[in-house]
Amino acid sequence: MFTPFENETYVNFAEETPRRKMEEAITLVTSRLGRTYPIVIGGERITDGKLAESVNPARRSQVIGVTPDATPELADKAVAAANEAFKTWQKVPVAQRARYLVRAAAIIRRRIYEFSAWMVLESSKSWLEAYADAAEAIDFLEFYAREAVRWCAPQPTTDFAGESNMVQYIPIGVGAVIPPWNFPLAIMAGMTMAAVVTGNTVVLKPAEQSPIVAAIFFELLEELGLPDGVVNFLPGPGETVGEALTGSPYIRFVSFTGSKDVGLHINQRIAITQPGQKWIKRGIFEMGGKDAILVDEDVDLDQIAADVVLAAFGFQGQKCSACSRLIVHKNVYDALIEKVAARADALAVGDPAAGNFMGAVIDGDSFARIQKYIEIGKSEGNLVLGSKNADPEVSADGWFVYPTIIKDVQPDSRLAQEEIFGPVLAVLKAESFEHGLEIVNGTQFGLTGAAYSNNRSRIEKAREEFHVGNLYLNRKCTGAFVDVQPFGGFNMSGTCSKAGGREYLGLFLQAKSISERW
Ligand code: NAD
């Protein structure tokens, strides 16, 4: 029915045409800033209540857009609207549901610079990071459309004399979709539409830091003619609106991506059966990381330094997959640190709208948390790079943090154990590759990781023992592609749902076995 799935490709912003298109898109989006986007429940548009401004992290006086904060009462109303829509949406043939996604992908593809520009301005992504985010959103939509058709087809069973037997996957019900801000289009759209294409209906509560990108995506769903109530748009604080959603007896599942602490809290909350609840709520949790790159002694240090800098400082280190621990064989420890620091020091930090490699961190809370960890790092290790953070001029307009590297960090220190979610790289010395592997596995997390070595037996050892959901050998630990590296982690990194993988849609379905005796 559809052509085989293929990943989107990126453009090269060193070339003139993509640069011009991105500049034009930033100008266009800038002319649209400051609008108010309503809450939308069952097609009803609501703009009452307290208004929240979403601002550009790199220019704090620039308002990207405004959304009303929903309330717990509106959360109940949204869950009711989703339940009403579920009655009909679950019966829409899967091929029809899938075509909404393919059409959404086509529209984003046509307007990819515009979607990217919204992320440059609202999330302070560099041009390439923003473009990659939009490309990944397209990939999720295209891939899940095809996957839904596969999952919802009749499944094979063993023949049994005198009976007809079949197994059919059906949707589970109404879900609360609670995404993070750091992949404001790709993760938000992927989580939402995976649930929808499998026949469920949802309440989408976007992250407080990126509601406008979500609102622009919601406008696209309206443009597609997705029936009212299939996706309900409910911006507002996690602590109030999110709480109301996850505590509702009328939601069947929560699809969450975010921090470990919030994920664990929601996991506890949905385990409590509420009066009137008829099912065990399902939880899909993708959480944080403390991702490591492990470097052996026999490797090309220049290439690895380039990879480490991209993995640690791309999008200001605000990826769940970002390298936050660099674990280096003692024989190349000093040499690699020198090369990484030289490259990191040369990175362009500033307003990403102007084409800089590193923009601002997402907000004041993040800025303060990162500064706190830099201070902790200075007491736990030795600062190699990062003193520019103190420059008040740098922070005048936005939440900028320069790349920071702290060496001689001990494996059990806070800097090596806690997710910082900013451009702070802890460097640890390993006595041997094997010792490095022990350090790698010594945290609560298990999301991504990379090992570099030219020694075959060590690479095989890493393949077996490096305990993460996404392992990369002789390449960096960021940049997973849909259906190439299905994404999700072990341990406190989540339930290993493997977004962008072939098992993912099963999380939004339940299998019904039907036997008819002749
Ligand atoms: P966060 O946990 O602060 O917020 C995530 C979402 O949860 C937001 O929409 C927020 O409003 C909501 N929320 C907050 N409190 C809530 C509550 N009590 N009830 C219901 N909802 C609530 O995370 P963040 O800062 O948005 O994102 C960064 C985190 O996400 C990092 O830890 C990062 O590693 C993680 N992350 C993980 C993956 C992955 O695939 N494993 C991908 C991206 C980000």
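Modeller: Here is the chat on the ligand, the domains and a loop. Keep in mind that this is a predicted model.

Biologist: Ligand first. How many residues surround the ligand, and which are the closest?

Modeller: The ligand is surrounded by 28 residues. The closest are Glu 208, Glu 243, Ser 259, Met 287 and Glu 419.

Biologist: How do those 28 residues divide into nonpolar, polar and charged?

Modeller: The shell around the ligand has 15 nonpolar residues, 8 polar and 5 charged.

Biologist: What about Glu 419? How many Å is an oxygen atom of the ligand from its side chain?

Modeller: An N or O atom in the Glu 419 side chain is 2.6 Å from a ligand oxygen. The side chain of Trp 181 also has an N or O atom 2.9 Å from an oxygen of the ligand.

Biologist: Which elements give two or more residues to the shell?

Modeller: Helix H8 (238–247), strand S10 (253–257) and helix H9 (260–271) do.

Biologist: Switching to domains. What does the domain assignment give?

Modeller: Domain 1 covers 16–157 + 165–287 + 496–517. Domain 2 is 291–481. Their C-alpha centres lie 30 Å apart.

Biologist: How many residues does the contact take from each?

Modeller: Domain 1 gives 23 residues to the contact and domain 2 gives 32.

Biologist: How much area do the two domains bury between them?

Modeller: About 2,200 Å², with 55% of it on carbon and sulfur atoms. On the domain 1 side, Pro 57, Arg 60 and Trp 181 lose the most area to domain 2. Together they make up 26% of what that side buries.

Biologist: Last topic, backbone angles. What is the phi of Asp 483?

Modeller: Asp 483 has a positive phi of about 60°, although it is not a glycine. Asn 491, also not a glycine, has a positive phi near 50°.

Biologist: Where is Asp 483?

Modeller: Asp 483 is in the loop between strand S18 (470–473) and strand S19 (509–517). Asn 491 is in the loop between S18 and S19 too.

Note on methods: Residues are numbered from 1 along each chain as its sequence is written. This is a predicted model: local features need pLDDT of at least 70, side-chain atom pairs count only at pLDDT 80 or more; totals for chains, interfaces and linings use all residues. Side-chain values use heavy atoms; hydrogens and water are left out. A residue is near a molecule or strand if one of its heavy atoms lies within 4 Å of it. A polar contact is a pair of N or O atoms within 3.5 Å; within protein, one must be able to donate a hydrogen and the other to accept it, and residues adjacent in sequence count only if both atoms are side-chain atoms. Helices (H or I, at least four residues) and strands (E, at least two) are DSSP runs, numbered from the N terminus. Ala, Val, Leu, Ile, Met, Phe, Trp, Tyr, Cys and Pro count as nonpolar, Asp, Glu, Lys and Arg as charged, and the others, Gly among them, as polar. Domain bounds come from an automatic or database domain assignment. Contact means heavy atoms within 4.5 Å. Buried area is the accessible area (1.4 Å probe) that two parts lose on being put together, summed over both.
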